[in-house]
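Please read it alongside the sequence and structure shown here.

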Amino acid sequence: MRWFFLKKTIRTLGIVLPLLILFCCMFQITRQANTVAAGGSMIHRGKYHIFVDCEASKLHLFENGQLIKTYPCAGGKPSTPSPGGTWKIVSKGDWTGGFGGSWMGFNVPWGKFGIHGTDKPYSIGWNSSHGCIRMYNDDARQLMDTIPIGTKVTIEDGTLGDFSRGFRTLTTGTYGADVKRIQIALKERGYFKGTPYGYFDSGMLYAVKAFQKDNGLTVQDRITRNFYEKLGLIEFE
């Protein structure tokens with residue numbers, strides 16, 4: 001009887017043990033597939049959020065609410081600011097030339113913006129770009145290999161919200177969060193038609209001139225401080 005139970009136990013182990021080993025191997029493979037080497041350590045695939053402080057020229061990477069990496073970066077020049085607000089990574093790719101090999105694109109409605117490397121490493125550390133967030137090439141590659149599409153990116157450029165570092169003089173062809181904010185305000189007053197998209201084009205110019213005319217302002221092809229004030233906007237909105 002004992003021999004019978006012993007043989008049965010051995011037979012059971014012969015089935016269960018290989019399955020247990022296979023399960024452990026699959027778990028380890030999955031764990032490795034869900035991690036990425038970064039800075040000599042392994043970053044696990046969690047929920048990521050990127051915060052870019054353009055004033056400090058720093059990009060902070062958070063995983064599950066915890067800061068795990070800070071990179072030097074470069075934001076947009078005052079004349080071509082980075083798109084303030086919270087966006088999502090909607091594309092990733094290997095872009096050569098001035099993009100340094102790595103590209104992570106945002107869902108910004110008024111232009112093509114993203115995080116990328118650069119063939120101008122001396123431009124990192126100060127506001128030098130045309131609105132994109134530049135990084136050193138190795139850092140950009142590491143970040144791209146870490147984050148998935150859909151990662152949220154919050155960009156803070158100055159302390160004045162949509163107006164970054166203050167009211168800009170705007171003309172046709174300019175773009176940004178401040179342009180979109182003006183479009184929203186004009187739409188609320190019945191001047192701007194359609195969906196605000198953050199680009200100063202001929203459609204917006206028509207609305208701007210109509211507002212200038214109705215409010216005793218000089219009718220011109222530009223937006224200056226008195227336009228903002230007449231529209232009821234203040235710099236910290």
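Asp53 belongs to strand β3. The model is predicted, and its secondary structure comes to 5 helices and 12 strands. Of the 237 residues in the protein, 41% are buried. Among contacts between residues at least 6 apart in sequence, 52% join residues at least 24 apart.

- The side chain of Asp53 reaches the backbone nitrogen of Ala56 at a distance of 3.2 Å.
- Beyond its neighbours within four places in sequence, Asp53 is in contact with Lys58 and Glu156.

**The sheet and its helix**

- An open sheet is formed by 8 strands in the order β5-β4-β3-β10-β6-β7-β8-β9, with mixed pairing.
- Its edge strands are β5 (66–72) and β9 (133–134), each of which pairs on one side only.
- Helix α2 (residues 137–146) packs on this sheet and touches β3 (48–53), β4 (58–63), β5, β6 (85–93), β7 and β8. The direction of helix α2 makes about 150° with that of β5.
- In general, the strands of a sheet pair through backbone hydrogen bonds, in either a parallel or an antiparallel sense.

**Strand β7 and its two partners**

- β6 and β7 pair in the antiparallel sense over 4 bridges; here Lys92 has Met104 of β7 as its bridge partner.
- Strand β7 (residues 103–106) also pairs with strand β8 (residues 114–116), in the antiparallel sense and over 3 bridges.
- Within β8, Ile115 is the bridge partner of Met104, and Gly114 is the bridge partner of Gly105.
- Trp103 and Gly105 point one way from β7, while Met104 and Phe106 point the other way; all are buried.

- Val153 lies in strand β10 (residues 152–156) and has a relative accessible area of 0%, so Val153 is buried.
- Val153 and Val52 are 101 residues apart in sequence, yet their C-alpha atoms are 7.5 Å apart in space.
- Not counting residues up to four places away in sequence, Val153 touches Ile50, Val52, Gly85, Thr86, Trp87, Ile89 and Phe106.
- Thr154 is also found in strand β10. Its relative accessibility is 18%, and Thr154 therefore counts as buried, because the cut-off for burial is under 20%.
- The side chains of Thr154 and His49 are joined by a polar contact of 2.8 Å.
- Leaving out residues up to four places away in sequence, the contacts of Thr154 are His49, Ile50, Phe51, Val52, Gly85 and Thr86.

**Nonpolar cores**

- The largest nonpolar core has 28 residues, of which Ile50, Val52, Leu59, Phe106, Ile115, Ile133 and Leu143 touch the most other members.
- The elements that contribute two or more residues to this core are β3, β4, β6, β7, α2 and β10.
- Apart from its neighbours within four places in sequence, Val52 is in contact with Lys58, Leu59, Cys73, Ile133, Val153, Thr154, Ile155 and Glu156.
- A second, separate core of 20 residues includes Phe192, Met204, Leu205 and Phe227.

**Aromatic pairs**

- A search of the whole structure finds 11 aromatic pairs.
- Trp95, Phe99 and Trp103 are linked into a cluster by ring pairs.

Technical notes:
Residues are numbered from 1 along each chain as its sequence is written. This is a predicted model: local features need pLDDT of at least 70, side-chain atom pairs count only at pLDDT 80 or more; totals for chains, interfaces and linings use all residues. Side-chain values use heavy atoms; hydrogens and water are left out. Buried means under 20% relative accessible area, exposed over 50%, partly exposed in between (1.4 Å probe, protein chains only). Contact means heavy atoms within 4.5 Å. Two strands pair if DSSP finds at least two bridges between them. Axes are lines fitted to C-alpha atoms, for helices over the stretch in contact, and angles run from 0 to 180 degrees between N-to-C directions. Rings of Phe, Tyr and Trp (its six-membered ring) pair if their centres lie within 6.5 Å; planes under 30 degrees apart count as stacked, over 60 as edge-to-face and the rest as tilted. A polar contact is a pair of N or O atoms within 3.5 Å; within protein, one must be able to donate a hydrogen and the other to accept it, and residues adjacent in sequence count only if both atoms are side-chain atoms. A nonpolar core is a set of buried Ala, Val, Leu, Ile, Met, Phe, Trp, Tyr and Cys residues joined through side-chain atoms within 4.5 Å.
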